[in-house]
Amino acid sequence: MVDGKTEILGVMGDPIKHTFSPAMQNAGLESLNLNYIYLPFHVKPNGLSQAIEGAKALGIKGLNITIPHKTDVIGLLDEIDSLASMIGAVNTIQFIYEDGDGGNVLTKGYNTDGYGCLRAIEEETSVKNKKVTIAGAGGASKAIAFQIANSEINELSILNRNFNKAESLVDDLKTNLAKLDIDINVDAYEIDCLKRELSDSDVFIDTTPIGMYPNVDDKAIASANLLHEDLVVNDIVYTPMETSLIKEARKANAIVVPGYKMLLYQGISSFEIWLSHEAPIEEMEKALLGALG
Ligand code: ATR
């Protein structure tokens, strides 16, 4: 029950009505009996700076930041975690109130999206010394590619419709992670490239919106004959849960990681940053699945 001591967490985005985070986060808070509430905040781009200042004034303890604010919010924060800074996007803010609620406020930004994807995959297999292929080179791909490239993998391939965009992502990875000793390839995502890269990959992550509601009849980016039994296949799309790619992966008897798992684990990581407490994964997963329907 909300009372005078209830602390506030939330998510800021535009639009925000579709968010599944309140269901998942509030279930976690309730199950641990924490006197917190997690709320959705509809914040338009021209209101972001005021919203962050307002959050500080209101004593808000933590925020998730979603589309379209993940990049713009960086300039409004005091500190940015090094991975979030390399990715150029923040999805989690921790508000640290020095000397209690009336004192100075320190804001620190993190990016838990790539971590969410990695942890979802690592439920099935460790990526250490493995080859990972990523389709897409947008914002989600960037967060995932940085996290994965930083995880002692052996080889990374990035395939994208727009070749230049994939090349620029790989340049970014090489510049920022110069000390890493991994093979990074870049390719167009044509059928021959997919076939070649997937044949010896251990993990395949599709970060494109192909198959996302309402385009559920989109042809999968890779059909079953390009996939194999030892391949972990993750589609980051979670509406619907059974995307065209996930269906093809099941046909190929591949190891399936559904898209909602990334959403779950990015939320778990945010929860743990704000509360410095292990998150109740089972309860949060159950609530998320319930909200997804
Ligand atoms: P997000 O920030 O959510 O990752 P994004 O930045 O729009 O979204 O990136 C989407 C990625 O999916 C891009 O790499 C895009 O390819 P282009 O760079 O060629 O635009 C890719 N993508 C989107 N729709 C696609 C489609 N129908 N077929 C193949 N790739 C697609």
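The model is predicted, so local features need pLDDT of at least 70 and side-chain atom pairs count only at pLDDT 80 or more, while totals for chains, interfaces and linings use all residues. Residues are numbered from 1 along each chain as its sequence is written.

First, the domains. Domain 1 covers 7-111 + 262-292 and domain 2 covers 114-257; these bounds come from an automatic or database domain assignment. Taken over C-alpha atoms, their centres are 26 Å apart.

Twelve residues of domain 1 are in contact with 15 residues of domain 2, contact meaning that C-beta atoms, placed from the backbone, lie within 7 Å. On the side of domain 1 that touches domain 2, α3 (82-87) and α9 (260-275) each supply at least two residues. Helices here are DSSP runs of H or I, at least four residues, numbered from the N terminus. The largest share of that side, five residues, comes from α9. By class, that side has eight nonpolar residues, three polar and one charged. Nonpolar means Ala, Val, Leu, Ile, Met, Phe, Trp, Tyr, Cys and Pro; charged means Asp, Glu, Lys and Arg; the others, Gly among them, are polar.

Now α9 again, with a partner. The axes of α1 (residues 21-31) and α9 come within 11 Å and cross at roughly 50 degrees. Axes are lines fitted to C-alpha atoms over the stretch in contact, and angles run from 0 to 180 degrees between N-to-C directions. From α1, the contact uses S21, M24, Q25 and G28; from α9, it uses L264, G267 and F271. Those residues divide into three nonpolar, four polar and no charged.

How values were computed. Two residues are in contact if their C-beta atoms, placed from the backbone, lie within 7 Å.
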